[in-house]
Amino acid sequence: MKSLGEIEEDLANKTEPILGFKPSSKFKRGPIGILIYVLCGVIAFFSLRSAGVF
């Protein structure tokens, strides 16, 4: 069974031709990655709120 790091590395290698760069865990944990996570969370919250969940 592969470790989480190996799986992440395999996925990064597969997405490199599509994105044009190799995503890394440094990118996800950096300021841009955190901003993207927060933005997605806000969008999800408003989507759930408009659907009547909250």
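Visitor: What does the accessible surface of the chain come to, and how much of it belongs to carbon and sulfur atoms?
Guide: Happy to start there: the accessible surface is about 4800 Å², and 71% of that belongs to carbon and sulfur atoms. Keep in mind that this is a predicted model.

Visitor: And what share of the residues count as buried?
Guide: Of the 54 residues in the chain, 6% count as buried.

Visitor: Which residues form the nonpolar patch on the surface?
Guide: That patch is made of I34, V38, V42, F45 and F46, and together they have about 450 Å² of accessible area.

Visitor: Let me pick one of those. Where does V42 lie, and why is it called partly exposed?
Guide: V42 sits in helix α3. Its relative accessible area is 38%, so V42 falls in the partly exposed class, which runs between 20% and 50%.

Visitor: What is the mean pLDDT, and where is confidence lowest and highest?
Guide: The chain averages a pLDDT of 78, with 83% of its residues at 70 or more. Confidence is lowest in helix α2 (residues 25–29), with a mean of 61, and highest in helix α3 (residues 31–50), with 85. Where pLDDT is low, the predicted coordinates should not be read in detail.

Visitor: How far does α3 reach from its first C-alpha to its last?
Guide: The 20 residues of α3 reach 29 Å, close to the 28 Å expected at 1.5 Å a residue. Just after α3, G52 takes a positive phi of about 90 degrees.

Visitor: What about helix α1, how far apart are its end C-alpha atoms?
Guide: They are 21 Å apart, and this agrees with the 22 Å that 16 residues (4–19) should span at 1.5 Å a residue.

Visitor: Where in α1 does the kink lie?
Guide: The kink is at N13, about 25 degrees, shortly before the proline P17. Just after α1 comes G20, with a positive phi of about 90 degrees.

Visitor: Last one: where is K22, and is it buried or partly exposed?
Guide: K22 is in the loop between α1 and α2, and at 37% relative accessibility K22 counts as partly exposed. K22 and L11 are 11 residues apart in sequence, with 9.5 Å between their C-alpha atoms.

Key. Residues numbered from 1 in each chain as written. Predicted model: local features only at pLDDT ≥ 70, side-chain atom pairs only at ≥ 80, totals over all residues. Heavy atoms only, no water. pLDDT = per-residue confidence, 0-100. Helix = DSSP H or I, 4+ residues; strand = E, 2+ residues; numbered from the N terminus. Patch = residues over 30% accessible without salt bridge, like charges linked within 9 Å, V, L, I, M, F, W, Y side chains within 5 Å. Areas by Shrake-Rupley, 256 points an atom, 1.4 Å probe, with all protein chains shown as cover. Salt bridge = Lys/Arg side-chain N within 4 Å of Asp/Glu carboxyl O. Buried < 20%, exposed > 50% of the residue type's maximum accessible area, 1.4 Å probe, protein only. Expected span 1.5 Å × (residues − 1). Bend = angle between axes of the 7 residues up to and from the residue.
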